[in-house]
Amino acid sequence: MNEFFDTSVRTSDVAETQAWLQAQYGHVDVQADRGTFAEHAVGDAAFSMRRLTWRCRAEVIYEADRFYFATSTPGYAWTVGPETGEYSVEPGLVQPGHELIGRPDDTDLHLIAFDSGWLTETARAVYGDDDLSVRFAGTGPVSRRLRDYWLATVRWSFTQVPLMSEPLVRAHVRRTLATATLEAFPLAGDPRERRASAIEQASIYASATSWIDDHASLPVTVDDVARAVGASVAGLRRAFAANGQLASTPEDHLAAARLSAAHSDLVGADPTSVTLRDVVARWGFTDTAAFVEAYRSAYRVDPRRTLER
């Protein structure tokens with residue numbers, strides 16, 4: 001899922017535009033003698049973010065092989081089965097196996113796509129339901145408030161495009177978009193039950209991260225964390241999988257908390273009386289080389305330089 005792509009195309013040649021679109025999206029009929037088309041796509045195997053600029057009129061017929069969620073400036077009418085709409089009026093979705101007929105006319109389209117398997121795994125983690133099968137009961141958001149929330153999340157996500165080659169940034173954007181999408185669009189099933197499960201897991205996660213941060217200096221284990229927050233170890237792991245965007249396991253969060261504390265010690269230490277090995281041992285890192293590597297990854301500098309400043 002981590003193989004990143006960043007592709008762009010821009011052309012004013014109608015035949016070239018049609019050839020590109022047909023290769024990417026299936027049947028396309030560009031209904032113009034002249035015009036400009038551009039697409040910029042970033043993402044990986046799990047998801048992608050695409051901006052398509054149409055300075056022409058066209059008809060697109062596309063059978064979706066993944067989940068697509070779209071919004072646009074005025075000028076993108078669509079049909080999916082018996083449903084019709086305009087993406088500038090209301091964001092919409094296309095599910096795997098459904099056919100979209102789109103009619104862009106001098107418009108900009110923002111498109112979020114999720115691999116169906118990855119979105120299903122994410123939804124199961126978020127809602128604590130290992131049997132959840134992701135299907136949506138409609139083509140638009142469930143409310144105006146959640147529509148605005150989703151649109152704001154999409155706008156923020158596109159500001160992160162210059163940083164998307166960084167795996168941690170991409171993972172954060174991908175998870176944030178997925179969570180907003182699962183909340184904003186009408187998943188089939190009982191939304192009250194899903195909401196209750198999501199709230200419970202978020203509460204476990206918040207309590208666990210706070211407890212870990214307060215006890216990182218002690219020789220605590222995942223079992224200790226689970227007991228402290230009143231959850232099973234499996235429930236604790238599920239809560240982190242659902243909510244931990246940068247640390248998806250309690251072990252990762254504990255390691256990050258200890259690394260942060262070690263960093264604070266290094267910044268404040270007297271290098272004439274404290275060694276790197278002292279700090280490494282104090283915070284429970286048994287392998288100095290592994291600590292150095294983790295520190296460099298997090299702080300972009302060797303920990304010895306931090307100590308000796």
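Reply: Accessible areas here come from the Shrake-Rupley method with a 1.4 Å probe. On that basis, the chain exposes about 15,400 Å². Carbon and sulfur atoms supply 50% of this area. Keep in mind that the model is predicted.

The chain has 309 residues, and 47% of them are buried. Its C-alpha atoms fill a box of roughly 75 × 45 × 25 Å along the principal axes. There are 11 helices and nine strands. Take the contacts with a separation of 6 or more: 70% of them join residues 24 or more positions apart.

Which residues have the most contacts inside the largest nonpolar core? They are M49, F69, I112, F114, F136 and W150, in a core of 33 residues. Helix α4 gives the most, with six residues. A second, separate core has 25 residues. F37, L52, W54 and Y68 are among them.

F114 deserves a stop. Set aside residues up to four places away in sequence. F114 then touches A46, F47, R66, F67, F69, L119, R174, L177, A178 and T181. One of these partners, F69, is also listed with F114 among the residues with the most contacts in the largest core. The list also includes two arginines, R66 and R174.

L177 leads on to T153. T153 sits in helix α3. It is buried, at 9% relative accessibility. Beyond its neighbours within four places in sequence, T153 is in contact with T176, L177 and A180.

P162 lies in the loop between α3 (144–159) and α4 (167–184). What is its state, buried or exposed? P162 is exposed, because its relative accessible area is 68%, and exposed means over 50%. Its C-alpha atom is 23 Å from that of V301, a residue 139 positions away along the chain.

Helix α7 shows how burial can be one-sided. It spans residues 233–243, and L236, A239, F240 and A242 are buried there. Seen down the axis of α7, the buried residues fall within an arc of 165 degrees, so they line one face. S232 caps the N-terminal end of α7. Its side-chain oxygen lies 2.8 Å from the backbone nitrogen of G235.

Next, the charged pairs. The whole structure holds 17 salt bridges. In one of them, the side chains of R55 and D106 meet at 3.4 Å, N to O. R55 lies in strand β4 and D106 in strand β9, so the pair ties together parts 51 residues apart in sequence. R55 is partly exposed, at 36% relative accessibility. D106 is partly exposed as well, at 46%.

R147 bridges to D148, with the closest N and O atoms 3.1 Å apart. R147 counts as buried, at 18%, while D148 is partly exposed, at 37%. R304 meets D302 at 3.4 Å, N to O. R304 is partly exposed, at 39%. Elsewhere, shared partners join R51, R55, D106 and D108 into one network of salt bridges.

D106 also stands out in its backbone. Most residues other than glycine have a negative phi. D106 has a positive phi, near 55 degrees, within strand β9. R300 also has a positive phi, of about 60 degrees, although it is not a glycine. Its setting is the loop between α10 (288–299) and α11 (303–308). R300 is exposed, at 65% relative accessible area, whereas D106 is partly exposed.

Terms used
Residues numbered from 1 in each chain as written. Predicted model: local features only at pLDDT ≥ 70, side-chain atom pairs only at ≥ 80, totals over all residues. Heavy atoms only, no water. Helix = DSSP H or I, 4+ residues; strand = E, 2+ residues; numbered from the N terminus. Buried < 20%, exposed > 50% of the residue type's maximum accessible area, 1.4 Å probe, protein only. Core = buried A, V, L, I, M, F, W, Y, C linked by side-chain atoms within 4.5 Å. Contact = heavy atoms within 4.5 Å. Salt bridge = Lys/Arg side-chain N within 4 Å of Asp/Glu carboxyl O. Arc of directions from axis to C-beta. Polar contact = N/O pair within 3.5 Å; in protein donor to acceptor, adjacent residues only side chain to side chain.
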